[in-house]
Amino acid sequence: MNEKKMNIPFCSPDIREEDIAEVVDTLRSGWITTGPKTKKLGDMVAKYCKTERAVCLNSATDCMESILRLFEIGAGDEVITTAYTYTASASVIHHVGAKIILVDTAKDSFFMDYDQLEKAITPKTKAIITVDLGGVLCDYDRIFDIVESKKALFSATGLHQEALGRVLVLADAAHSLGATYKGKISGEIADFTSFSFHAVKNLTTAEGGAITWNPLKGINDNTIYEEFMLSSLHGQSKDAFSKNQLGAWEYDVLSPAYKCNMTDMQASLGLGQLKRYPELLKRRKEIIGRYNQVFENLDIQTLQHEGEDSSSSGHLYLVRLMGKNSIQRNEVIMKMAKHGIVTNVHYKPLPLHTAYKNLGFKMEDYPNAYAMYKNEITLPLHTCLTDEEVAYVAENMKNIVKGRPKCYTKNLEKDVAMFY
């Protein structure tokens, strides 16, 4: 058999010449830290998400922590999130001194069990961090129904909690920029939303993230914007760009705050990408469609990216090998690797990690999350994949799952033509 082996990375940032030119322009401008391009990217994110303002920071983790701090959430408070997520969704709760409350997923679901979520809310609950896994949005109608039904338990601390009047819904939307739910786009659905622009995300600034929010009664959006900017730059009343203007050196430090600002070098990378973002989403959906076509009759479960009233951002392609365990799952991962295909697992539930074991969490308390994890494989899904590479990944995965001794490679050009 004349095999044609490929090397397929799990992810690859889609950097084009216009992105490079924008970064070079920043380097030549003489201003590389937080300045006009960071502000411009924030304005573009707000426009894209249909919100009044957006703040760009150095990571989605910084964004979530900044939101919790804005709402004065800390010691004695509880914040709920899912056990099936990356550590950032929960570590920010620990950073502010609040108690992490983990909720199991629903049976055969990658998303938290909303019935368990409802039961987990107590008078100490100040926020829920929802996780839009793989680019698919949570059931926000159900979540908002739950927090509204629990308003009687809520006791506000501070201005922002009083303005909201109930448990805060904070979306960990690291995966879901561009996803839609019942006519709304991610960023305008939850009370506050945190996006990630990390190197592996649909849109990247290398490291970075953004916050969007819905209006709070009695608090101006510009006031909230300024609060985020202050907290991200040491509590300093002027950023470096403003201080650098003629005669404008004077500033004050209004609080002993944090340092998590985005730079213009980072922002410049994202500016061109956001302009062509619809094109990037379209390509991701094409790849998902190709995978779905090949896997249609296999004994696997995949994350459903399209619904009657929702559409995903197509960030991750999650596959469950039904009836298999973690050892069998890892064997498939190694077989894919032998054909040059890098895969991943999303996610190792938090109670399996040492840090969360040390906090007292036990995996046996989250059986549904473990059942999802033990046979999950994530396939490459990024816009640098060619049609030929997508076909190669899909057909090799199909043949490995079916237990065929030889994998797809022989008639690649012919099969790609049929595939597409």
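Helices and strands here are DSSP runs numbered from the N terminus, a strand being a run of E of at least two residues. The model on screen is predicted.

**Stop 1: alanine 206**

Select alanine 206, in the loop between β8 and β9 (209–213). Its phi is positive, about 75°, although the residue is not a glycine. Is alanine 206 buried, exposed or partly exposed? Its relative accessibility is 40%, so alanine 206 counts as partly exposed.

**Stop 2: the whole chain**

Zoom out to the protein chain, which has 16 helices and 14 strands. Its radius of gyration is 22 Å, close to the 22 Å that the globule rule gives for 420 residues, so the chain is as compact as a globular protein of that length. Along the principal axes, the C-alpha atoms fill a box of roughly 75 × 55 × 40 Å.

Colour by accessibility next: 56% of the 420 residues count as buried. The accessible surface of the chain comes to about 18400 Å², and 50% of that belongs to carbon and sulfur atoms. For contacts between residues at least 6 apart in sequence, 72% join residues at least 24 apart.

**Stop 3: lysine 50**

Select lysine 50, in the loop between α2 (36–49) and β1 (54–57). Lysine 50 is another non-glycine residue with a positive phi, here about 60°. With a relative accessible area of 57%, lysine 50 is exposed.

**Stop 4: glycine 187**

Go to the loop between β7 (184–185) and β8 (192–196), where glycine 187 has its place. Glycine 187 is buried, its relative accessible area being 2%. Which residues is glycine 187 in contact with, leaving aside its neighbours within four places in sequence? They are Cys49, Thr51, Thr193, Phe195, Thr212 and Trp213. To check a distance, pick the C-alpha atoms of glycine 187 and tyrosine 48: the two residues are 139 apart along the chain, and these atoms are separated by 8.8 Å.

**Stop 5: helix α6**

Select residues 140–149, which form helix α6, and show the side chains of its buried residues: Tyr140, Ile143, Phe144, Ile146 and Val147. Turn the view to look down the axis of α6; the buried residues fall within an arc of 155°, so they line one face of the helix. In general, an α-helix has 3.6 residues a turn, so residues three or four places apart point the same way.

**Stop 6: histidine 315**

Move to the loop between β12 (310–311) and β13 (317–321), which holds histidine 315. Its relative accessibility is 6%, under the 20% cut-off, so histidine 315 counts as buried. Now select what histidine 315 touches, not counting residues up to four places away in sequence: Gly134, Gly135, His175, Val200, Lys201, Asn202, Arg284, His305 and Leu381.

**Stop 7: the cis peptide bond**

Finish in the loop between α12 (326–338) and α13 (354–358), the place of tyrosine 347. Which kind of peptide bond joins histidine 346 and tyrosine 347? The bond is cis, with omega about 0°.

Notes:
Residues numbered from 1 in each chain as written. Predicted model: local features only at pLDDT ≥ 70, side-chain atom pairs only at ≥ 80, totals over all residues. Heavy atoms only, no water. Buried < 20%, exposed > 50% of the residue type's maximum accessible area, 1.4 Å probe, protein only. Helix = DSSP H or I, 4+ residues; strand = E, 2+ residues; numbered from the N terminus. Arc of directions from axis to C-beta. Contact = heavy atoms within 4.5 Å. Rg over C-alpha atoms; globule rule 2.2 N^0.38 Å. Areas by Shrake-Rupley, 256 points an atom, 1.4 Å probe, with all protein chains shown as cover.
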